[in-house]
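This report is written for someone who is meeting the structure for the first time. Please look through the sequence and the model before reading on.

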Amino acid sequence: MTRQNSPIPAQDNRLTTNKQRASRRRWLDRLWYLLITSAGSSVIVALLAIFFYLGSEVLPLFKPVSISTPQALAEPLPVATTPRVVLPDHALLPEFEPVFVLSEPQQRYLLLAARHGEACLLDRTRAEQGCLQRLSLTDRTVDLTALVWLAGQRSLISGDSSGQLKQWFLLPDQQGQLRLSWVKPFSRRAAAIQTIAAEQGRSGFAVLDSAGNLSLFYANLTKPLWQGPAAVDTQPGELHFLPGNQRLLFSNASGQQQWLIDNRHPEISWRTLWQQVWYEGWQQPEYVWQTGSASAAVQGKYSLVPLTLGTLKAAFYAMLVAVPLAVLAALYTCCFLPEPLRSRLSQLIELLALFPTVIIGFLAAIWLAPALEQHLLALLCFFGLLPLLVFGLSWLWPRLPLSLQKLPGSGWELLLLLALLAAVGLLALYLGHTLQLSLFDGSFRFWLNSQGIDYQQRNALLVGLAMGLAVMPLVYSVCFDVMSQIPRSLTLGASALGATPWQIIQRVILPLSVPGILAAVMLGLSRAIGETMIILMATGNTPITNFNLFEGLRSLTAALTIELPEAAVDSSHYRVLFLVAILLFVFTFTANTLADLLRQRLRRNFQRLDG
Amino acid sequence: MTKPRLHTNAWFWLSALTSALILLLVLLLSWLMLQRGLGLFWPQDLVQFRYQQAGENRLIAGEVISRQQVSVAQLAAAGLDASAPAERILVRQGYLPSGQGGYRWFWQAQISEWQQPPQLTLVREQQLGDLYALQLAATADGYQLLLADGHQLNVAANQLLLLLPTNQLSWPAKLKLYLKQWWQFLSTEPREANSAGGILPAIVGTVLSVLLMALLVAPIGIMAGIYLHEYARDSRLVRLVRLSVHNLAGVPSVVFGVFGLGFFVYVLGGSIDKLFYAGQLPQPTFGSPGLLWVSLTLALLTLPVVIVATEEGLSRIPQSLRLGGYALGATKAEVLYKLILPQARPAMLTGLILAVSRAAGEVAPLIFVGVVKYAPVLPVSASWPYLHLEQQIMTLGFQIYDVGLQSSNADAAEPRVFAIALVLLLLIGALNLLAMRLRRHYRQLQQRSS
């Protein structure tokens, strides 16, 4: 009404509102853009930052040791000196002039060492019998200048005037007799060793030589962690670590000096993580993963080799189960099944991927493990009968009357095979049972054990079967995808040229889908390596280094799950576990990326082939 | 000519048999889950028998749990007389004052006077758990029971949870009881160190953590997806980022758990404590594992799934729709939220549901960030602040792991775990069914519009 009365102002009004609305729309558009862009990119940055955060937790492990310049102390600090060991009656050892006298923690045995390095291990309770063991700690031409216990008092470090450093273990031999045995030399110092100080509570030590050089060692490594000029006056003195091992004290007649040391994780290096290490109290160098010991005197043993081997072992057996199952099933469903059945079956198999792995792990541990233990022979029989069944069918089927051969392709075939398989399974159970009773005294497992094959109830075979089942749907779906993407023009062309269905598979479908199958295997492998709950539940979680099918294992993921909640924050253990996480991350990420790239390339190839 | 030739090929039969084998395994697995999971609460016949072995002569009453054949070698290994294989049965005897109750194996050969008397009654008492009473006499304030070991026991009526002469029950009565027991299982708190009672806290914990996760992941994931697909330019960097986001979905979940513990709990939680709960330090509030961190970790874990689903949904929408919008003068934002997003919504919802179903079955990463075997209180309450984000929770998946493998009373725990697993499986199955429905519905809509 008003518009009709005065059209001109109204028009103006509308113009301004239009302009306002346009600017508001532009403003909204920009706001929306900013919102989405900032939110989206920050999410992506945050996701990628996971890797960097994990890295930042691990980095301190590999940080080189740093030592401050020495500072003179105005007020002398009291230094805890080791109590003097009371020597037994000297007359017992007439020709011996001990310079160093050390006692082991139980105070029963004494180690006496003379100036030229002759040493004598003495049983205090039977001192009259003389030395239990006599040996030379040096090569007799040089003088022994230092001899100290490492923390825990199970191994010794000796230093001599030629700059040689050696480690010795006090170990019981086969008769239970305690013996001092030579373990390894450390890298030689340039001048005579003046004094050695052991760290408190862990197996490191500091060495000062007569040329005025200071070096820091850790017992597991032969090379020094740090070496450099000590810048102290040349008067002889003693080195001491203060509690916490963050301060090293040098005291001599003219006063005291201290260094501040940043050396938090000396026990971790690439060498100790991946190579054999001779730990205190062990008979030979080995790969050991053993953490969380209550006593500080026992070294933490962080070799990643048993865990990595465990992971690879589980993944290997799982792939051994999953890949043949998945590839063959994909081939069959993709190439031989008619349509409604084809998508049904593939959906059903993919449905298997929905099973939470914790349920599969539980079934494996509670239901499958005892069943497998009892029916191991039946499983072997089943695999023995399978080829018979296959060859029997391929011989028998073409000889059947044609009316019966009409069945295949309509889904009856699958049902028939299902019934056949079930029958063969029952037959295998029966066979296994009878064989077990007649040949193996009623239990194959006990027979295996008596043959020296250690059969544990929760073993790699179990993990292989369970994890194989869990990984299979993934491998299957990728294989199925690739095979059904193959351009129809190729298969139709081959068929037109007179190829049989099997020839088409052999010459066209399989060669074309090999990269896809490879991608599927890689995806499956990365899934198997990252799998946690099944391994955690279906193995004994013992960190061992072998590929025995009937023994357990401990994987990287299981170690993480079990140990991380208990590891002290920022300890070496905690950081090593983060390193484990990074390893898992990097490996699976790389494998997935490679698989993805392969699939993308394959898709492009198919598009090109399709024209 | 081609068909017969195919059927002489051993590889063809091998592949067909493999498919049948997988089918068989699926069937076996489903049957196992259903049979064990559903069988738990069906009232079993109660039995009573006399057991005579090595000077022991006792009357036993209870339920038969399982039967087992023991081979000669196993007998020998156990240090028993082994001339022939023997059969043994596992019997649940319930509580007995003599301390000989609980689960026990009995050799079949030593059993006599096997019977199923109608007056044998299953009694569930608040403190003692299950009892099997030979005879029952009503007293002033409850019942007097005669137990199999000859002891008399008085039970107050208000302590009584269940009184059940199972052998007298008819089929419909058993069914009613069965359903009631299931309901109790789903709706009550656990008793006796998770080996009896219900799983309500675990259900609540699972649902709550997953819902919270969905709330967190939905806006973030969808925005990141929109950004990647609509706003980011198609440079090499963006392609690299897209590839890595997709592949984050394949990174083991336990790695996300490690990140959750290190970053969320210790760094983020520690700082929150320092800023807002300084008064309570050193007692941590958010600086220790809890519900919030569980949900955040799950959100991180499922973020790639949601991003990928969003992108996929957006890429299915025809370019013509966008161009049409622009031609009519709409801004990019208007095209997005008026044209594109409504069309892509089902795809995003599907992605979200799949993410939820994946999160519901996740266990390993949650062990670090706040899931425990027993949480005394629920994370929801009737008083402010209603939702306790800092509290530790129980989840179904962790219950399966913990009750199944770490329980001290394995015989009692094992059948329960099958039931828990069935509940979890049904939950996940329902979610996936929903996602499938949505996707089909969406496809039909698209086909109709194109």
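This is a predicted model: local features need pLDDT of at least 70, side-chain atom pairs count only at pLDDT 80 or more; totals for chains, interfaces and linings use all residues.

Is B:R50 buried, partly exposed or exposed? With a relative accessible area of 23%, B:R50 is partly exposed, given that the buried class holds only residues under 20%.

## A salt bridge in chain B

The side chain of B:R50 meets that of B:E113 in a salt bridge, with a distance of 3.2 Å from N to O. Because B:R50 belongs to strand 1 (residues 46-53) of chain B and B:E113 to strand 5 (residues 111-115) of chain B, the pair ties together parts that are 63 residues apart in sequence. B:E113 also counts as partly exposed, at 47% relative accessibility.

Elsewhere in chain B, helix 12 (residues 396-406) is mostly covered, since 9 of its 11 residues are buried. Among these buried residues are B:L396, B:F398, B:I400, B:Y401 and B:V403, and B:D402 is buried as well.

## Salt bridges within chain A

Over all chains, the count comes to 21 salt bridges. One of these joins A:K63 and A:D262, whose closest N and O atoms are 2.7 Å apart. A:K63 sits in the loop between helix 2 and strand 1 (66-67) of chain A, while A:D262 is in strand 17 (residues 255-262) of chain A, so this pair ties together parts that are 199 residues apart in sequence. A:K63 itself is partly exposed, with a relative accessible area of 49%.

Another salt bridge links the side chains of A:R575 and A:D570, at 3.5 Å from N to O. A:R575 counts as buried at 10% relative accessibility, whereas A:D570 is partly exposed with a relative accessible area of 39%. Through salt bridges that share partners, A:E57, A:D570 and A:R575 are joined into one network. A:E57, placed in helix 2 of chain A, counts as buried at 12% relative accessibility. Leaving aside neighbours within four places in sequence, A:E57 is in contact with A:D570, A:Y574, A:R575 and A:F578.

## Where the two chains meet

Between chain A and chain B, 89 residues of chain A are in contact with 94 residues of chain B. The two chains bury about 8500 Å² between them, and 83% of this area is on carbon and sulfur atoms.

Across this interface there is 1 salt bridge, formed by A:R25 and B:E334 with their closest N and O atoms 2.8 Å apart, and there are 7 residue pairs in polar contact. Helix 2 (residues 7-58) of chain A gives the largest share of the side of chain A that touches chain B, with 18 residues. By class, that side of chain A has 66 nonpolar, 17 polar and 6 charged residues.

## The two domains of chain A

Chain A is divided into domain 1 (73-292) and domain 2 (305-610), and the C-alpha centres of these domains lie 54 Å apart. In their contact, 10 residues of domain 1 meet 17 residues of domain 2. The area buried between the two domains is about 1100 Å², of which carbon and sulfur atoms give 75%. On the side of domain 1, A:H265, A:W274 and A:W289 lose the most area to domain 2, together 57% of what that side buries.

Between the two domains the count is 0 salt bridges, although 4 residue pairs are in polar contact. The side of domain 1 that touches domain 2 has 6 nonpolar, 2 polar and 2 charged residues.

Technical notes. Residues are numbered from 1 along each chain as its sequence is written. Chains are lettered from A and ligands numbered from 1 in the order in which they are written. Side-chain values use heavy atoms; hydrogens and water are left out. Domain bounds come from an automatic or database domain assignment. Contact means heavy atoms within 4.5 Å. Buried area is the accessible area (1.4 Å probe) that two parts lose on being put together, summed over both. A salt bridge is a side-chain nitrogen of Lys or Arg within 4 Å of a carboxyl oxygen of Asp or Glu. A polar contact is a pair of N or O atoms within 3.5 Å; within protein, one must be able to donate a hydrogen and the other to accept it, and residues adjacent in sequence count only if both atoms are side-chain atoms. Ala, Val, Leu, Ile, Met, Phe, Trp, Tyr, Cys and Pro count as nonpolar, Asp, Glu, Lys and Arg as charged, and the others, Gly among them, as polar. Buried means under 20% relative accessible area, exposed over 50%, partly exposed in between (1.4 Å probe, protein chains only). Helices (H or I, at least four residues) and strands (E, at least two) are DSSP runs, numbered from the N terminus.
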